[in-house]
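Please read them with the sequence and the coordinates open.

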Amino acid sequence: MNILHFVTIFFYMLSTAGYIAYLFFQKSYWQKTGFTLLLMGFLGHSLLMLLSSLQTGLFPGQNLQQTLMLAGWAFACVFLLLQYRFNLKILGVYAAPFVAVIMISAAGVPAAEISSHPFFKSFWIFFHVITTFLGNAAFALACGVGFLYLLQEHAIKTKNTGFLFRRLPSLDLLEQTGHACIVSGFTALTIGLVAGILYAKVVWGHFWSWDPKELWSGIVWLFYAALLHERLTVGWGGRKAAVMSIIGFLVIMFTFLGVNLILEGHHGVFTRW
Amino acid sequence: MECLRAGSNRLMQSVSPEAVHIAADRKNIMQDIILIGLNHKSAPVSLRECFAFSEEDAVYAIGALRKLPAIREVVLLSTCNRVELIMYVEKSVEAAVAARKFLSEFKQVPPDQFETALYQYGGEDAVRHLFRVASSLDSMVVGEPQILGQIKAAYFKAVTYKSTGVILNRLLHRTFFVAKRVRSETGIGDHAVSISYAAIELGRKIFGELTQKKVLLIGAGEMAELAVEHLIRSQAGAIYVANRTFERGVSLAQRYHGRAIHFEEIPTALQDVDIIISSTGSPEYVISPKDVTAVMRKRRHRPLFFIDIAVPRDIDPKVNRINNVYVYDIDDLKGVVDHNIEDRNREAIKAERIIEEAVIKFANWYDGLQVVPTIKALRNKVTDIANGEMEKTMRSLENLSDADRQAVVRMKDSLINKVLHDPIMFLKESGCHTDKAVYLDMVRKFFRLDENQSE
């Protein structure tokens, strides 16, 4: 394993510890520590990806290891942006271990040989991958926020005003954050899918080929479109939206890994191992 | 409050016998710091209001007290729950008598009417009491934050009118420090301990900010009205009042600049409001699940929060099962409050420990202000410096004979004595006629004798 990869994992794990300490002791310096460590991990992570793409001359997403790293990077990136916009400090308890686990699993899978197909050297494919990954990362965070929402909602409903009730923010803030995640995720995913479809037309000559990956990506897109639509029309929020964002993310996980590993398709090469 | 006391007793029991012995020794020092006062526990409000000091009263009083020969420094604290005089005095017995006499004359209350309500602490007890008051352990609502600000204001008034000196300046600064420490290191002020405030806190957990949230008050009652007032303070939006007798509703609505609605309009009002506080004498449920499900779609599933203070209950408990609707009845709220009080008492024990530590530190500092220890410390400091320098020099002067060595040592010793002679004589004499604390403090600062005492 690359030393930089190791350092990145190390920082993410320390950050996880910081956030767990924050969860228990509620002292803001623990949160700041966790956040700073995560930021340092993210810098290491970015450097790692940059170096590996300089080495191969391709953007890092050519095998399962690189794809996982890219997913983790997108996730950390969206989380950091979200922290800037929303004061939802406790979310680090979800985000830090999440990204740590991704990086550890990336270290665990063997680095398959990279075949440099001319298809993958285009800017468009780079753009397509980055936007879909950022979108999916936002959905992953929405899923985390949804979890927190369900926990807090349950605490209030059952009048259990103890440990979690005190530590979790208001339902309103959770809902707003979750919604912001879904809106930005949906926007990014839409752009990413359009870029992918256009590029498919350029290289294969048709927009849509009923490849399982395409199919499932379409399902994900429709799923979140329905969620947003319901919210706009009948005000679908709160618990339902939280549950939906968790289910939605499970579908994404399947689309990301399940489809590539179980069903074959033209995206298969990216997750080779 | 009772649990609190039990907590501090337990704390005392865990202290070792030696510590108690030392504490007993200390009891005798600092007796020139005394505190006289009355508070919400010792005196009824009828008496407390007689002793309330207005701004001008307080200024006059500290001036007058300062002029009394027995009193050297004074700070007067007057809030709605307490009046306290913190004094550094010449002779404690006379000062206490003079202060009581002044209070009685100034407020025109005969001594026999308030003597029993007064408490008086001296030395460590006075310091501890002040620390506890500032940390809000002695307040009616333990953990309330206003008291520290009130003490600060009282102190700045005293400083402005020059009624404080070395001792009280130090004491009050320590007080602020301790109170801040208690606040930041314990969770004493963290959670609501009244029913109406607990309801507001719950509201915050649901809605985030309560600004512009619309409120419906059904019925009336002390607790319900208190909750409404809390909401108004949190800048809640429009307030609707529904009452069985419309006139009563109108008059209540006027008080809150709200709008009265008919009792029959409640189901429609549910479409609009966010927080419902219900406190009617109705034997049946006023709001049924059907009423609520009917409006949820129209209100686009925005959350609804019912605070049901009535007994028997006004809101059907089944309403709580509806999505995005939360119902808290009086028992639920009591549960929240009890939980918070338990926490607060646990935190209070921690706070007592911090205070005990600070009392000991302050006593140590005060101890240092005695003539003998100061002289000793001064001599030690100079001797240490001289010895240190000598050792350094001697190491490089290897060819000195033993006789020469001894001569140098003798010179060093007499130099120390000669240099210290005048300052020591000055300290010994000044103690008799003027405020010795000023000089002692000056000497200690001048030579940094308290350096090793961490702040």
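This is a predicted model: local features need pLDDT of at least 70, side-chain atom pairs count only at pLDDT 80 or more; totals for chains, interfaces and linings use all residues.

1. Helix 1 of chain A. This helix covers residues 3-25. Just after the helix, Gln26(A) takes a positive phi of about 60°.

2. Burial along helix 1. The buried residues of helix 1 of chain A are Thr8(A), Ile9(A), Phe11(A), Tyr12(A), Ser15(A), Thr16(A), Gly18(A), Tyr19(A) and Tyr22(A). An α-helix has 3.6 residues a turn, so residues three or four places apart point the same way. Helix 2 (28-56) and helix 4 (92-108) of chain A are among the elements that cover the buried residues of helix 1.

3. Lys159(A). In the loop between helix 5 (123-157) and helix 6 (163-167) of chain A, Lys159(A) has a phi near 60°, a positive value in a residue that is not glycine. Is Lys159(A) buried, exposed or partly exposed? Lys159(A) has 18 C-beta neighbours inside 10 Å and therefore counts as partly exposed.

4. Helices 8 and 9 of chain A. The axes of helix 8 (residues 212-234) and helix 9 (residues 238-261) of chain A come within 9 Å and cross at roughly 170°. The two helices are therefore roughly antiparallel to each other, the cut-off for that term being an angle over 145 degrees. Helix 8 of chain A contributes residues including Trp216(A), Phe223(A), Tyr224(A) and Leu227(A), while helix 9 of chain A contributes residues including Met244(A), Val251(A), Ile252(A) and Phe254(A). By class, the residues of this contact divide into 13 nonpolar, three polar and two charged.

5. The sheet of chain B. Six strands form an open sheet with parallel pairing, in the order 7-6-5-8-9-10.

6. Strands 5 and 6, and helix 12. Strand 5 (residues 215-219) and strand 6 (residues 239-242) of chain B pair in the parallel sense over four bridges. Opposite Leu216(B) stands Tyr240(B) of strand 6 of chain B. Helix 12 (residues 246-255) of chain B lies across strand 6 and strand 7 of chain B, and runs at about 160° to strand 7.

7. The loop between strand 9 and strand 10 of chain B. Two residues of this loop deserve a check of the backbone. Pro312(B) lies in the loop and is joined to Val311(B) by a cis peptide bond, with omega about -5°. Asn324(B) is also in the loop, and its phi is positive, about 65°, although it is not a glycine. Asn324(B) is buried, because 22 other C-beta atoms lie within 10 Å.

8. The contact of chain A with chain B. How many residues does each chain give to the contact? Chain B gives 19 residues and chain A gives 15 residues. On the side of chain B, the elements that give two or more residues are helix 10 (195-207), strand 10 and helix 15 (330-368). The residues on that side divide into six nonpolar, seven polar and six charged.

Definitions and conventions. Residues are numbered from 1 along each chain as its sequence is written. Chains are lettered from A and ligands numbered from 1 in the order in which they are written. Two strands pair if DSSP finds at least two bridges between them. Two residues are in contact if their C-beta atoms, placed from the backbone, lie within 7 Å. Axes are lines fitted to C-alpha atoms, for helices over the stretch in contact, and angles run from 0 to 180 degrees between N-to-C directions. A residue is buried if 20 or more other C-beta atoms lie within 10 Å of its own, exposed if 12 or fewer, and partly exposed in between; C-beta atoms are placed from the backbone. Angles under 35 degrees count as roughly parallel, over 145 as roughly antiparallel, 65 to 115 as roughly perpendicular and the rest as oblique. Ala, Val, Leu, Ile, Met, Phe, Trp, Tyr, Cys and Pro count as nonpolar, Asp, Glu, Lys and Arg as charged, and the others, Gly among them, as polar. The expected span of a helix is 1.5 Å times one less than its number of residues.
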